[in-house]
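Please open the model in your viewer and keep the selection tool at hand. The stops below are arranged for viewing in order.

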Amino acid sequence: MTPGAISALSLEELIVGIALLLLVSIIASKASARIGVPALILFLTVGMLAGSDGVGGIAFDNARIAQWLGVVALSFILFSGGLETNWTFVRRSVWRAASLATVGVAITTGIIAWFAAVVLGFTPAEGFLLGAIVSSTDAAAVFSVLRGRGVRLDEDVVSTLELESGSNDPMAVFLTTAGVQMLMSADLPISEFALHFVREMTFGAVAGLAAGFAAVALLNALRLEADGLYPVLTVAVVLFTYGATVLIGGNGFLAVYLAGIVMGNRNFIQRRSLTRFHDGLAWLMQIAMFLTLGLLVFPSQLPPLAGVSLALAAVLTFIARPIAVFVALAASHLNVREKTVIAWTGLRGAVPIILATFPLLAGVPKSGLIFNIVFFVVVASVAVQGTTMPLVARWLRLDAATIPDPSPSDVTLPTRAESSLVTLEVSPLSAAAGHRLVELRDWPREALILVLYRGNEFFVPNGATMLTPGDRLIVLTSRTTLDAIRGITEGAAGGMLPS
């Protein structure tokens with residue numbers, strides 16, 4: 001918001017306005033599941049309606065604030081995505097996702113650059129910048145539509161899309177930055193860009209892995225008195241990981257995503273509650289980011305660009321993305337139908353709009369035109385692909401059987417086998433006796449300890465709870481993990497030792 005607009009509002013008016021925008025966005029997200037439209041397009045719509053061209057009349061044209069908010073929001077969104085990524089589930093798709101996130105993004109950039117230069121009249125450098133900005137995907141919106149409409153894709157497809165959506169943003173950020181630098185300093189050699197890319201990705205990967213392992217060790221070692229401080233600590237971890245990585249020349253987005261993956265696949269105190277906290281925080285960040293980007297655009301400037309933008313969106317959806325997917329996945333075992341649904345799932349989300357603020361702030365020629373085109377392309381992509389995704393999945397016969405989830409929102413039930421409640425007692429012979437739950441490296445993640453009985457008392461344990469002989473555990477587990485947890489509590493399996 002411009003300084004003048006801020007000063008014209010009292011603090012109370014500003015607070016009420018923010019609360020109303022959040023409330024309307026939450027109601028819109030509820031409606032999105034019913035009408036099959038991804039929530040992000042409704043968030044953007046709310047932002048545009050509240051903007052200077054809409055009924056809200058909020059004057060906002062500060063691209064720097066929008067970019068800063070977008071960077072911070074995206075960091076928390078990627079961290080939350082990594083935190084909820086099951087490495088055992090997605091590791092078989094690492095090379096497919098990595099190919100899509102690098103080769104696929106580069107091919108998409110090249111095709112759009114060619115189209116923009118040959119058909120739309122952009123210079124090659126401007127076309128490259130436009131292609132880089134729209135090259136990354138946002139699969140999170142697609143998953144929300146699929147879950148809301150009751151469609152489940154094959155595990156290989158889902159794991160590939162999940163990893164791609166979290167790992168292709170760094171490549172797009174790098175290419176966009178390179179495009180801006182080429183337009184502002186045309187004499188920079190290609191070799192310098194290649195060296196910069198290798199350094200960014202290497203430093204980002206190393207920093208992210210180190211941050212993830214260090215955060216787990218810190219959470220388990222501090223033993224904070226107040227449980228409310230653990231979310232504060234993880235917020236600090238995300239901010240520090242991104243900022244410190246960028247300062248040393250690495251890619252901060254890659255770092256926070258990898259840090260989230262490392263933490264999400266290791267045991268640490270308050271893991272489940274922190275995962276829920278960051279899921280809620282990620283939703284808040286998404287709403288704030290989309291609202292801000294909606295406020296930043298002026299809808300009255302979009303109609304003259306409709307023809308150009310729709311043509312670009314069509315090339316991106318029907319030519320660039322499919323070619324990129326089929327080339328990047330040429331060596332994979334996925335069949336044509338699976339590659340086709342991955343190609344159709346190439347939704348463009350908030351990241352391209354955030355990247356479009358880079359040339360705005362750098363003063364690149366045609367930056368305003370590029371921003372409006374990108375915004376239009378994102379809306380068209382989400383509106384068309386997002387709403388038709390369930391139909392395409394069914395048409396390709398890739399929608400697996402839907403499994404209803406009757407579980408309460410605060411408990412994650414085992415989903416791969418029939419689950420039941422069992423009572424187990426910690427034996428004096430158990431290697432787990434005298435150790436905290438977080439230290440039991442072989443305890444299956446699917447087995448949930450709901451209640452711990454100690455003498456005449458009972459309570460809900462957490463990662464810091466130390467087991468003692470005679471403790472009785474009420475565990476929600478499946479037949480496949482029952483023998484393993486019995487071995488830990490009864491001491492029947494000598495290999496089940498704490499880390």
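Predicted model: local features only at pLDDT ≥ 70, side-chain atom pairs only at ≥ 80, totals over all residues.

Begin by selecting helix α12 (residues 229-247) together with helix α14 (residues 271-296); the two pack with their axes 10 Å apart, at an angle of about 60°. That angle makes α12 oblique to α14. The crossing in which α12 passes α14 is right-handed.

Next, display the side chains where these helices meet. From α12, select Tyr 230, Pro 231, Thr 234, Val 235 and Val 238; they meet Leu 274, Phe 277, His 278 and Leu 281 in α14. Sorted by class, the contact of α12 with α14 comprises 7 nonpolar and 2 polar residues, with no charged ones.

Turn now to the aromatic rings, for which the count comes to 4 aromatic pairs. Select Phe 43 and Phe 290: their ring centres are 6.1 Å apart and their planes stand at 25°, so the pair is stacked, the limit for that class being under 30 degrees. Phe 43 belongs to helix α3 (residues 39-50) and Phe 290 to helix α14, so the pair ties together parts 247 residues apart in sequence. Both Phe 43 and Phe 290 are buried.

Finally, select Phe 174 and Phe 197, whose ring centres lie 4.9 Å apart with planes at 55°, so this pair is tilted. The pair links distant parts of the chain, with Phe 174 in helix α10 (residues 169-184) and Phe 197 in helix α11 (residues 190-222), 23 residues apart.

Note on methods:
Residues numbered from 1 in each chain as written. Heavy atoms only, no water. Axes fitted to C-alpha atoms, helices over the stretch in contact; angles between N-to-C directions. Helix = DSSP H or I, 4+ residues; strand = E, 2+ residues; numbered from the N terminus. Parallel < 35°, antiparallel > 145°, perpendicular 65-115°, else oblique. Left-handed = near helix turned anticlockwise from the far one by under 90°. Contact = heavy atoms within 4.5 Å. Nonpolar A, V, L, I, M, F, W, Y, C, P; charged D, E, K, R; others polar. Phe/Tyr/Trp six-rings, centres within 6.5 Å; stacked < 30°, edge-to-face > 60°. Buried < 20%, exposed > 50% of the residue type's maximum accessible area, 1.4 Å probe, protein only.
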